[in-house]
Amino acid sequence: MNDTLLVIVLADAVLYGTPLLFASLGELLAERSGVLNLGVEGMMLFGAVVGFWVTQRVEGASASVLVLAILASGLSGAAMAAIHAFLTITLRANQIVSGLALTIFAGGLGLSAYVGTELGFSPDIPAKQHFGSVDVLGLADLPVLGPIVFDQSALVYASWIAALLVGLYLGRTRFGLNVRAVGEAPASADAMGINVTLYRYVHVLIGGGFAGVAGACYSLSISPGWIAGDTLIGGAGWIAIALVIFAFWRAELCLVGAYLFGALSALPFALQARNVDVAPEFLYALPYVMTIVVLVIVSTGLSKRHLGAPAALGIPYVREER
Amino acid sequence: MVGISKRFPGVVANDDASFEAAEGEVHALLGENGAGKTTLSNILTGLYRQDEGEIELYGEQVRFHSPRDALDAGICMVHQHFRLVEPFSVAENVVLGDHRREGRRLVVHSGAIEKRVGELSSRYGLAVNPRARVWQLSVGEQQRVEILKALYREARILIMDEPTAVLTPQEAKALFETLRAMADEGKTVIFISHKLHEVKAVADRVTVLRAGRTVATVDARSATLSSLAALMVGREIDVARPLEQPRTLSDVLTLEVDGLTVAGDRGNIAVKDVSFALREGEIVGVAGVAGNGQRELAEALSGMRDLRAGSVRVGGKQLRGGDPREAIMAGVAHVPEDRLGTGLAPSLSVTSNVVIKTYRSRSLSRGPLLALRRMRETAVGIIRRYDVKTPGPGTPVRNLSGGNLQKLVLGREFADDPLVLVVAQPTRGLDVGAIETVHSYLREAAANGVAILLMSEDLDEIRALADRILVVYEGEIVGELSAGSTSIEEIGLLMAGGTRG
């Protein structure tokens with residue numbers, strides 16, 4: 001029963017959806033504070049190469065090396081985000097231009113490719129460490145739910161905790177209220193004694209950290225190893241940005257959306273394994289086609305307010321404006 | 001506050017300004033627009049930092065580095081443009097940024113906050129539902145939320161910046177009572193305004209500011225309106241306006257609006273089945289609280305917004321609507337509320353802005369080529385005729401002051417002999433001298449036969465200029481009054497949605 005197409009696709013949807021979930025939660029935090037960061041793809045790739053580097057160079061117990069690798073990925077993602085934060089928050093540069101520049105700078109033909117080449121990584125080098133699935137509570141053999149829920153890697157479980165925490169943080173806590181105020185009405189937040197600049201910096205950096213971890217999901221879990229160029233994560237950063245819109249800027253809907261797109265990514269492999277005769281190009285294109293379709297649907301007919309976009313998204317905040 | 005100076009690039013907003021306010025006092029800061037009242041209070045609330053001068057609070061010298069310092073010192077300000085987060089509930093707005101009591105907890109417990117907000121609003125007569133979302137509230141209610149924010153934080157000093165601009169006269173009266181009640185409890189209320197009668201009605205003492213400097217502090221009871229006006233403007237002016245003789249108007253209908261319905265920005269119905277007519281040379285005032293369909297009506301008449309239903313006729317010719325050029329050709333001139341953004345192209349020169357509507361005419365262009373010299377001559381003509389102060393016709397209009405911008409827009413609109421002028425908030429933000437000039441241009445145009453639809457939130461202005469007054473409420477005309485025989489209270493009641501009688 002656990003090897004039916006549906007169960008396999010759903011289990012893989014969770015696997016492929018996890019980096020999307022991490023990345024979209026990070027983007028969600030940044031956007032809720034009013035900063036659009038289109039550099040997700042670049043931050044993910046840099047996190048991926050740094051995480052891989054740690055697993056190759058650090059000797060030690062598997063678990064501790066992997067934890068270290070994830071931390072390093074997160075920090076390197078945050079470091080990339082710091083560039084964007086400085087440009088857009090302090091220098092008030094255009095957020096779209098800065099984000100695109102970040103993707104090009106850090107991305108598959110930029111910094112991360114350079115670092116990977118310098119370190120002599122190539123697709124032939126096998127990964128020394130990777131996140132394997134953890135059989136929680138010995139329930140992996142449970143029908144249907146076993147492979148989908150209980151036979152996943154530690155990263156998947158971490159992503160669920162992250163989604164829960166981000167949701168509670170934004171919805172229920174004082175700091176979350178402040179973040180939302182900064183994203184909706186920075187002038188009002190400022191007048192009420194909230195440090196707009198600090199809040200934006202912190203959330204852009206945390207968002208970058210999430211993106212770095214999302215990148216590590218690829219290089220340490222989905223396809224352990226390093227491939228220079230765009231093939232490793234293949235546009236997942238862009239899907240994550242679309243996901244935030246699709247999820248109406250809400251953490252719980254990010255979870256749903258991530259697995260939907262995860263399923264679309266998993267489908268071609270599952271179908272090919274069963275020799276189903278569909279053009280693979282069509283299947284590979286599906287997540288991207290869906291991204292466009294979703295964006296068109298949510299952009300038409302519904303106004304921004306109904307969607308829940310932060311009102312100050314993309315707008316730099318200046319206090320002494322005259 | 002002693003000897004405060006604040007300079008912005010190219011502007012000195014405050015120059016050695018000082019005032020002192022006592023506990024339990026309503027202290028007014030009176031001055032024209034641009035006199036530096038708001039800048040002074042922004043310094044007091046920590047939003048700006050002064051270049052020179054000192055702030056003493058209860059005898060101690062203080063220095064604020066951020067709004068939070070000022071809030072912690074017990075100073076709250078209600079800005080002219082509210083500082084509220086629209087999608088948040090009233091309770092969330094009240095607790096925002098607070099770091100004491102409920103605000104200190106990690107998890108926000110809206111129940112406790114709502115209860116406290118409820119208590120405060122009943123104690124001070126500030127009726128508002130703590131669970132409502134701010135964007136659902138009327139402007140008057142939003143102002144109450146701002147005052148509740150200050151009360152919740154137990155502010156000792158409350159600054160109100162031009163609080164009555166958005167209120168009906170009745171709401172303003174209720175506000176004054178609340179402010180007096182707060183002062184009677186020993187709080188200090190700083191009341192910023194440029195309206196003389198308000199200042200006299202609510203304040204104990206008045207500090208008059210002119211061009212960033214303190215002119216005088218006087219006792220409100222012993223001051224007269226004309227003595228305050230003289231201090232504010234720096235010269236004697238006649239506050240009582242001469243009563244105008246009712247003018248005799250022709251019977252020619254220039255603008256006929258019949259059953260007009262217009263959609264708003266959010267797809268709602270902003271103007272509902274409105275019918276009225278303007279005669280040649282008649283000035284009709286449209287009174288109403290902001291956001292009751294005035295802007296949408298003006299945009300529909302000037303072709304910037306589609307007509308959902310009904311008809312508009314200008315000089316007997318029916319307009320299809322939704323086409324600004326059609327409206328211009330039919331003789332509709334429009335002076336929008338946002339004169340710099342909508343009325344002009346800020347970074348283009350005075351010349352370009354003057355001909356921006358008429359460059360197609362034979363005299364200003366030949367085929368695809370513009371007659372630059374003729375354009376410049378036209379601009380110079382308008383600059384002279386309407387006394388626009390500008391370094392030259394090539395100056396970008398964003399460098400002009402508010403009064404000169406408005407003179408330029410009016411000059412341009414009058415230049416192609418319109419039949420109808422739709423004008424919104426023509427004197428908002430202008431100083432007394434410029435207001436007089438703008439009013440005289442409007443009267444002059446009406447005398448020449450232009451029918452003027454005057455939308456204004458300043459009831460005194462409407463009463464001074466208009467022959468008839470239409471009162472709008474929620475997109476409908478709820479009353480038509482003759483200007484001479486109507487009291488402010490009567491208009492105010494209609495503006496608040498009440499019926500006549």
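**Interface and chain B architecture**

In the predicted model, 20 residues of chain A are in contact with 23 residues of chain B. Classified by residue type, the side of chain A that touches chain B comprises eight nonpolar, five polar and seven charged residues.

Chain B contains 17 helices and 22 strands. Along the principal axes, the C-alpha atoms of chain B fill a box of roughly 70 × 45 × 45 Å. The radius of gyration of chain B is 24 Å, which agrees with the value near 23 Å that a compact globule of 501 residues would have. Of the 501 residues of chain B, 47% count as buried. Among contacts in chain B that link residues at least 6 apart in sequence, 65% join residues at least 24 apart.

When neighbours within four places in sequence are set aside, B:Glu413 is in contact with B:Ala333, B:Val335, B:Pro418 and B:Leu421. The separation between B:Glu413 and B:Thr45 amounts to 368 residues in sequence, and their C-alpha atoms are 41 Å apart in space.

Definitions and conventions: Residues numbered from 1 in each chain as written. Chains lettered and ligands numbered in written order. Predicted model: local features only at pLDDT ≥ 70, side-chain atom pairs only at ≥ 80, totals over all residues. Contact = placed C-beta atoms within 7 Å. Nonpolar A, V, L, I, M, F, W, Y, C, P; charged D, E, K, R; others polar. Helix = DSSP H or I, 4+ residues; strand = E, 2+ residues; numbered from the N terminus. Rg over C-alpha atoms; globule rule 2.2 N^0.38 Å. Buried ≥ 20, exposed ≤ 12 C-beta atoms within 10 Å, placed from the backbone.
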